[in-house]
Amino acid sequence: MGSPVVLGIESSCDETGAGLVREGRLLGHAVASSMDEHARYGGVVPEIAARAHVHAFTPAVQRALEEADLAMSDIDAIAVTTGPGLSGALHVGLAGAKGLAYALGVPLYGVHHLAGHVAADTLEHGPLPDPCMVLIVSGGHTSLLLVRDLARDPIIHLGDTLDDAAGECFDKVARVFGLPYPGGPAIDRAARGGDAGAVAFPRPLTGPRDDPYAFSFSGLKTAAARWAERHAGLLLPVADGSASLQEAIADVLTRKAVAACRAHGVDTLVVVGGVAANSRVRSLAERRCAAAGITLRVPPLKLCTDNGAMIAAVGDLLVRAGAQPAPLDVSIDPSAPLEYAALHPRGRAARAPSTSVPHLVPAP
């Protein structure tokens with residue numbers, strides 16, 4: 001009998017992802033995005049996202065199997081995102097994964113979405129060093145983590161975002177600048193023709209008395225909005241504003257990440273999440289890591305944004321570590337903290353989604 005093939009399912013936001021992994025090797029994956037349906041609203045509409053997952057689930061799994069040249073009967077285990085994310089979207093992915101697991105008679109594993117981002121790098125660069133520093137940067141999350149054995153050990157948070165995440169800042173400022181959604185790629189494109197030193201945007205939480213590893217981008221977002229307001233009635237220099245904003249975010253992210261590596265004696269930094277696709281974040285991280293003698297690992301662009309391959313990668317690690325599968329009553333936890341890679345909330349024990357969540361939410 002060969003090594004187990006793990007199918008991963010991701011549906012936490014506006015991408016429906018399916019991926020197949022065996023012993024750390026990506027066999028095939030497919031992603032269906034509903035981003036175009038949300039663009040007119042400037043953010044993700046949860047109800048639209050959930051309906052899109054219903055329609056995209058089966059075709060995404062079929063495309064992943066075709067790319068891997070496998071049949072449904074070749075699947076030995078299924079991993080699925082059980083949190084955090086949009087409640088309706090998570091329910092669709094979990095329901096589909098449960099149905100497949102039951103029909104195939106294979107074990108099911110619940111996976112924390114952010115652990116998936118961490119594991120995505122293993123599909124390109126192999127096993128994570130123990131320990132390693134991980135910088136997660138996305139629309140909803142910005143965290144500095146000390147990671148040991150991803151499948152077995154608790155994940156240590158050195159710092160998290162206190163308000164807006166880096167990707168959320170990109171999205172909101174892009175709207176103020178008149179750029180399309182999603183804001184991160186739009187600002188990255190606009191910044192290519194701008195001067196990164198044109199606007200002196202602040203570097204939040206970088207003072208000597210500030211938390212060395214916490215993040216806050218709300219003030220930077222406000223500073224960019226005020227700068228744009230001062231150009232009311234005039235032609236807004238979008239390229240300069242975009243380049244300066246991007247530089248500020250990249251500066252804060254990479255400065256804190258490299259400092260954390262030095263302070264904890266870690267010689268490998270892994271940068272993951274949607275904002276890891278940003279060109280300036282990548283280039284500044286490369287320069288600062290090289291100067292500090294730190295090995296930098298960043299997944300390829302296709303694995304930075306949400307996808308099923310990263311969830312399959314975690315499932316593969318859990319299977320090989322002999323982890324217990326999820327119970328039959330596994331549920332979702334839309335606001336789950338990142339403590340372990342496996343996430344098996346059960347029924348009423350799971351956190352109820354907040355009733356204060358706005359109708360439009362930033363994409364992770």
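Biologist: Helices (H or I, at least four residues) and strands (E, at least two) are DSSP runs, numbered from the N terminus. With that settled, where is the place of Pro-182?

Modeller: Pro-182 is in the loop between α6 and α7. Tyr-181 and Pro-182 are joined by a cis peptide bond, with omega about -5°. Keep in mind that this is a predicted model, where local features need pLDDT of at least 70 and side-chain atom pairs count only at pLDDT 80 or more, while totals for chains, interfaces and linings use all residues. Residues are numbered from 1 along each chain as its sequence is written, and side-chain values use heavy atoms, leaving out hydrogens and water.

Biologist: Got it. Which peptide bond is cis with omega near -15°?

Modeller: That is the bond from Gly-83 to Pro-84. Pro-84 sits in the loop between β4 and α3 (87-104). As background, most peptide bonds are trans.

Biologist: Back to α6, then. How many of its eleven residues are buried?

Modeller: Eight of the eleven, so α6 is largely enclosed by the rest of the structure. Buried means under 20% relative accessible area, exposed over 50%, and partly exposed in between (1.4 Å probe, protein chains only). Among the buried residues of α6 are Glu-168, Phe-170 and Asp-171.

Biologist: What covers those buried residues?

Modeller: The cover includes β7 (142-147), α7, α8 (218-229) and α9 (238-264). After α6 comes Gly-178, with a positive phi near 80°.

Biologist: And how many residues of helix α4 are buried?

Modeller: Eight of the eight residues of α4 (residues 113-120), so that helix too is largely enclosed by the rest of the structure. His-113 and His-117 are among them, along with Leu-114 and Val-118.

Biologist: New topic: Asp-251. Is it buried or exposed?

Modeller: Asp-251 counts as buried, because its relative accessibility is 7%. It lies in helix α9. Leaving aside residues up to four places away in sequence, Asp-251 touches Arg-203, Leu-284 and Arg-288; contact means heavy atoms within 4.5 Å.

Biologist: Nice. Now the sheet: in what order do the five strands come?

Modeller: The order is β3-β2-β1-β4-β5, in an open sheet with mixed pairing. Two strands pair if DSSP finds at least two bridges between them. β3 (25-33) and β5 (108-112) are at the edges with a single partner strand each, so one side of each has no neighbour in the sheet.

Biologist: In which sense do β1 and β4 pair?

Modeller: β1 (residues 6-10) and β4 (residues 77-83) run parallel, over four bridges. Ile-9 is opposite Val-80 in β4.

Biologist: And what about β2 and β3?

Modeller: Those two are antiparallel, over eight bridges, and Val-21 stands opposite Leu-26 in β3. Their hairpin has two residues between the strands, and Glu-23 takes a positive phi near 50° there.

Biologist: Last one: what is the phi of Leu-205?

Modeller: It is positive, about 55°, although Leu-205 is not a glycine. Leu-205 sits in the loop between α7 and α8 and counts as partly exposed, because its relative accessibility is 22%.
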